[in-house]
Amino acid sequence: RADRPVLDRFISTLPFELTNDQSKVLGEVLTDIGRAAPMHRLLQGDVGSGKTVVAAAALVIAAANGFQGAIMAPTEVLAEQHMRTLTELFSVGQRENDDGGPYRGFSGLIDGRPLRVALLTGSMAAGTKGSLQKLISAGDVDIAIGTHALIQANISFSNLGLAVVDEQHRF
């Protein structure tokens, strides 16, 4: 369900107003994720058109409903960019566990607990990667951002509810 207070809190903290098209698409996405059938949706738009903020809002709603979310990017550079962007978007209140590392928590969006975000890529040190895999499997990560490292055999999600695939087009 679309938790309106959580969604309104997230939207009110953005450093910009959503456009009519972004609001419309976000409404459609939230309607779709509330249905029993899985959502399959393609968001298409130019760089800077707001696809990431729509995905971020949907991921926050998934987390507020007790589900995990994932964003998979084709390159480590793009995965790291998503981590930076989402860190900025989710920085509503007190940042927790924000040492610049791959695991961060943000209070103020979801009532009663922090929103926990992690970055997982293939080139990470084995110990860091193993720790993050355990956190994801235990449900201690709400949103996992990464490369194809998110779909390897040694990773499992405890309650994955929303997956976003960001496919970079090369000309």
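1. Start at G139. This glycine sits just after helix α5 and takes a positive phi of about 85 degrees. The model is predicted, so read this and every other value here as computed from that model.

2. Now the helix itself. α5 covers residues 126–137, 12 residues in total. At 1.5 Å a residue it should span 16 Å, and its end C-alpha atoms are 16 Å apart, which agrees.

3. Which residues of α5 are buried? They are L132, Q133 and I136. Viewed down the helix axis, the buried residues of α5 fall within an arc of 105 degrees, so they line one face. An α-helix has 3.6 residues a turn, so residues three or four places apart point the same way. On the other side of α5, G127 and K134 are exposed.

4. What covers that buried face?

5. Six of its six residues are buried, so β4 is largely enclosed by the rest of the structure. L115, V117 and L119 point one way from the strand, while R116, A118 and L120 point the other way. In a regular strand the side chains alternate between the two faces of the sheet. Note that R116 is on the buried list along with A118 and L120.

6. β4 has pairing to both β3 and β5. With β3 it pairs in the antiparallel sense, over four bridges. With β5 it runs parallel, and four bridges join the two. V117 takes part in both pairings: V117 in β4 is the bridge partner of R104, and I143 in β5 is the bridge partner of V117.

7. Step back to the whole chain. The protein has five helices and six strands. From the N terminus on, the order is α-α-α-β-α-β-β-β-α-β-β.

8. Is the overall form compact or extended? For 171 residues, a compact globule would have a radius of gyration near 16 Å; the protein has 15 Å, which agrees. Along the principal axes, the C-alpha atoms fill a box of roughly 45 × 45 × 35 Å.

9. Last, burial, contacts and surface. Buried residues make up 40% of the 171. Among contacts between residues at least 6 apart in sequence, 65% join residues at least 24 apart. The accessible surface comes to about 9,200 Å², and 51% of this belongs to carbon and sulfur atoms.

Conventions:
Residues numbered from 1 in each chain as written. Predicted model: local features only at pLDDT ≥ 70, side-chain atom pairs only at ≥ 80, totals over all residues. Heavy atoms only, no water. Expected span 1.5 Å × (residues − 1). Buried < 20%, exposed > 50% of the residue type's maximum accessible area, 1.4 Å probe, protein only. Arc of directions from axis to C-beta. Rg over C-alpha atoms; globule rule 2.2 N^0.38 Å. Contact = heavy atoms within 4.5 Å. Areas by Shrake-Rupley, 256 points an atom, 1.4 Å probe, with all protein chains shown as cover. Pairing = 2+ DSSP bridges.
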